[in-house]
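Please look through the structure below. The paragraphs after it begin with two residues and then widen to the whole chain.

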Amino acid sequence: MMRKRTTWLIHAILVAFSLLTLLPFAFTINNVFRSNAEFYRDFFSVPEAFKETISIAGKVLTGNDDAIEVRDAEGEIHRLDGSEALQMTLDRAGRGPRLAWKVIRPYMLNTLIVVSLTVVGVVLLGSATAYILSRYRFIGHRTLFLYIISTMMFPGVLTLVPSFLLVKELGLLNSYGAMVLPYIASGQVFAIFVFKSYFDGLPEDLFESARIDGAGHLHIYWQIVLPLSKPILSVVAIMNILGTWNNFLWPFITNTEGKHHVISSGLFVLATTVHATNFSTLYAAYAISSIPLLVLFIYATKPFIRGVTSGAFKA
């Protein structure tokens with residue numbers, strides 16, 4: 001009995017902390033559907049549009065045919081029948097998300113392009129380099145590996161100015177290349193370290209059998225190593241997606257014209273425009289921009305944990 005009470009107490013504490021953690025997310029979602037007047041009047045109130053929707057839906061279900069007074073997105077009052085009034089309240093509630101999506105849609109597209117190219121580049125180049133360092137012995141291969149991982153000690157801010165000058169000299173400013181190429185280069189160190197640690201743990205008999213059958217390094221890498229490395233491939237891919245998606249400073253300074261802004265820099269730009277006066281639009285933009293990462297979290301948690309616990313990180 002005592003043990004059961006202790007379990008219930010632990011669960012209650014965990015639920016309480018979970019609710020505190022989710023409170024900012026609930027606050028953001030709630031403000032997506034509220035007007036500025038509602039925001040100033042009551043910080044945590046339920047959106048008036050939802051209250052009106054429930055009230056109108058109740059009248060429609062009870063067969064009340066009387067005209068209903070509703071307010072549109074511009075504040076004008078209309079007398080409409082039940083179905084039209086219900087549609088108007090829903091349109092008013094969705095005005096912020098519609099406007100936000102219209103503004104951030106190019107930023108989301110740019111982000112997906114940059115993230116996709118970066119992940120493919122980091123995974124392919126990092127895994128190929130790690131395979132060579134792990135399975136192909138040449139003079140200085142260990143020294144080269146130690147030199148590569150030693151660059152992890154350098155803070156990224158130290159390379160900010162040299163990287164910007166290099167991108168500028170190459171004529172890559174205001175282009176996808178200004179983000180993709182530096183992201184691929186900066187992601188190589190972590191990728192090589194993780195991939196090599198994992199490849200070192202693969203049985204040598206597997207590679208020896210492939211060589212006896214006449215397989216070359218390219219065939220072994222593509223047909224054997226990569227299929228066996230799916231867990232660790234997911235780890236590197238997820239880490240790069242998160243880092244690229246959340247990076248703000250580099251896309252902001254390399255895209256002065258604004259055409260190739262990604263979602264992180266695009267949200268900052270959005271907050272400096274006329275849309276900043278509409279809290280519903282801002283909160284909707286923040287919520288929409290987090291949906292891809294939420295989907296990634298839901299579907300990639302198991303592969304990520306499987307990759308981390310598969311022996312990829314060794315001392």
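Phe27 and Tyr283 are both buried. The model they belong to is a predicted one. Their rings form an aromatic pair of the edge-to-face kind. The ring centres are 5.9 Å apart, and the planes stand at 90 degrees to each other.

Another aromatic pair joins Tyr136 and Phe138. This one is tilted, with 6.2 Å from centre to centre and 35 degrees between the planes. Tyr136 has a relative accessibility of 43%, so it counts as partly exposed. Phe138 has 29% and counts as partly exposed too. The cut-offs behind these words are under 20% for buried and over 50% for exposed, with partly exposed in between.

In the whole structure, 15 aromatic pairs are found. Ring pairs also build a cluster, which consists of Phe27, Phe39, Tyr40, Phe279, Tyr283 and Tyr286. The pair of Phe27 and Tyr283 described above belongs to this cluster.

Next, consider a charged residue. Glu52 lies in helix α3 (residues 48-61). Its relative accessibility is 25%, so Glu52 counts as partly exposed. Leaving aside residues up to four places away in sequence, Glu52 touches Thr89 and Arg92. The C-alpha atom of Glu52 is also 9.2 Å from that of Ala85, a residue 33 residues away along the chain.

Now take the chain as a whole. How many helices and strands does the secondary structure of the chain contain? There are 14 helices and two strands. The chain has a radius of gyration of 27 Å, whereas the globule rule gives 20 Å for 315 residues; the value is well over the rule, so the chain is more spread out than a compact globule. Along the principal axes, the C-alpha atoms fill a box of roughly 85 × 70 × 35 Å.

Of the 315 residues, 38% are buried. Among contacts with a separation of 6 or more, 69% are between residues 24 or more positions apart. The accessible surface comes to about 18,900 Å², and carbon and sulfur atoms account for 69% of this area. As for charge, the chain carries 25 positive and 20 negative side chains. The centres of these two sets lie 12 Å apart.

Key. Residues are numbered from 1 along each chain as its sequence is written. This is a predicted model: local features need pLDDT of at least 70, side-chain atom pairs count only at pLDDT 80 or more; totals for chains, interfaces and linings use all residues. Side-chain values use heavy atoms; hydrogens and water are left out. Helices (H or I, at least four residues) and strands (E, at least two) are DSSP runs, numbered from the N terminus. The radius of gyration is taken over C-alpha atoms; the globule rule is 2.2 Å times the number of residues to the power 0.38. Buried means under 20% relative accessible area, exposed over 50%, partly exposed in between (1.4 Å probe, protein chains only). Contact means heavy atoms within 4.5 Å. Accessible areas come from the Shrake-Rupley method with a 1.4 Å probe; for residues, only the protein chains shown count as cover. Lys and Arg count as positive and Asp and Glu as negative; His and the chain ends are not counted. The place of a charge is taken as NZ of Lys, CZ of Arg, CG of Asp or CD of Glu. Rings of Phe, Tyr and Trp (its six-membered ring) pair if their centres lie within 6.5 Å; planes under 30 degrees apart count as stacked, over 60 as edge-to-face and the rest as tilted.
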